[in-house]
Amino acid sequence: MQILYRAKEKIVIVKHTAESTDTQVAWVTFGPFMNNTIEWETQFALYASNTEIQNGAYINKLSDIAASTQTLYQFEEGIFQKPVSDSSISPNTYALKHEMTGYPVLTFGLAQNVVVNGEGFPNHPINAIYVPFGQAATMTPIERIDIYLKNDITTSTIVSHIMSDKLTVSYTEENEYTVAYNVLSMVSYTIYTVR
């Protein structure tokens with residue numbers, strides 16, 4: 001444990017989406033304790049940002065909204081407008097259309113609440129995609145996360161490539177996992193998801 005703190009390492013958690021073109025984001029990062037608990041519910045929000053998608057960039061959310069699947073959200077006048085139900089959108093998929101005049105391209109993505117060791121972090125981005133004006137985009141979250149240690153990544157930053165060893169955890173019916181990392185001393189992490 002002391003080795004991790006001397007190296008200023010943080011636990012980094014990255015969530016996945018089904019689209020291979022989505023850029024990954026450090027959903028949450030935090031300093032490790034001997035036992036850490038990460039909890040979340042499978043509810044998502046959409047966000048809009050003018051952040052340029054490049055490795056290490058911090059996503060500055062300009063607007064966000066709690067979202068539902070199979071619904072199209074138009075983004076104009078700085079906010080997500082009244083949603084429109086659309087059965088042509090695949091189940092478990094979130095959709096938006098960029099209609100913000102004066103912005104040829106904006107960054108959009110999914111965001112999700114997470115609680116780390118009892119501290120809540122609302123609507124943290126999990127992915128980032130460019131959407132040109134007048135175009136629509138869809139995003140489908142999947143139940144897979146990457147966990148790794150890194151000292152130069154902060155929450156809500158874009159991670160286009162991961163150089164550290166990572167552990168990928170996929171989950172379906174299970175709603176609790178225990179993950180251990182060993183660097184001369186055992187550090188254990190418990191991951192919960194509430195359905």
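## The second largest pocket

A pocket is an open set of grid points, over the protein atoms alone, where a 1.4 Å probe fits, with protein on both sides within 12 Å along at least five of seven lines. In this predicted model, the second largest pocket holds about 150 Å³ of space.

Its lining includes Asn55 and Gly56. Lys150, Asp152 and Ile153 also line the second largest pocket, as do Thr157, Ile158, Val159, His161, Ile162 and Met163. Sorted by class, the lining of this pocket has five nonpolar residues, four polar ones and two charged ones.

## The largest pocket

Seven of the lining residues are nonpolar, four are polar and two are charged.

Two strands that each contribute at least two residues to the lining of the largest pocket are S4 (35-41) and S11 (105-116). Strand S11 provides the largest share, with four residues.

## Asn36 in strand S4

Strand S4, which supplies part of the lining of the largest pocket, also contains Asn36. Asn36 has a relative accessibility of 0% and is therefore classed as buried, the cut-off for that class being under 20%.

The side chain of Asn36 has two polar partners listed here. One is the backbone oxygen of Phe33, which the Asn36 side chain reaches at 2.8 Å. Another is the side chain of Asn117, joined to that of Asn36 by a polar contact of 3.1 Å.

Most residues other than glycine have a negative phi. Lys8 has a positive phi, near 55°, and is not a glycine. Lys8 sits in the loop that runs between helix H1 (2-6) and strand S1 (10-17). With a relative accessible area of 64%, Lys8 is exposed, because that class begins over 50%.

Gln70 is another residue other than glycine with a positive phi, here near 50°. The loop between strand S6 (61-66) and strand S7 (71-76) holds Gln70. The relative accessibility of Gln70 is 27%, so this residue counts as partly exposed.

Conventions:
Residues numbered from 1 in each chain as written. Predicted model: local features only at pLDDT ≥ 70, side-chain atom pairs only at ≥ 80, totals over all residues. Heavy atoms only, no water. Nonpolar A, V, L, I, M, F, W, Y, C, P; charged D, E, K, R; others polar. 1 Å grid on protein atoms, 1.4 Å probe; cavity = no way out; pocket = protein on both sides within 12 Å on 5 of 7 lines; lining within 4 Å. Points joined across faces, edges and corners; volume = space filled by probe spheres on them. Buried < 20%, exposed > 50% of the residue type's maximum accessible area, 1.4 Å probe, protein only. Polar contact = N/O pair within 3.5 Å; in protein donor to acceptor, adjacent residues only side chain to side chain.
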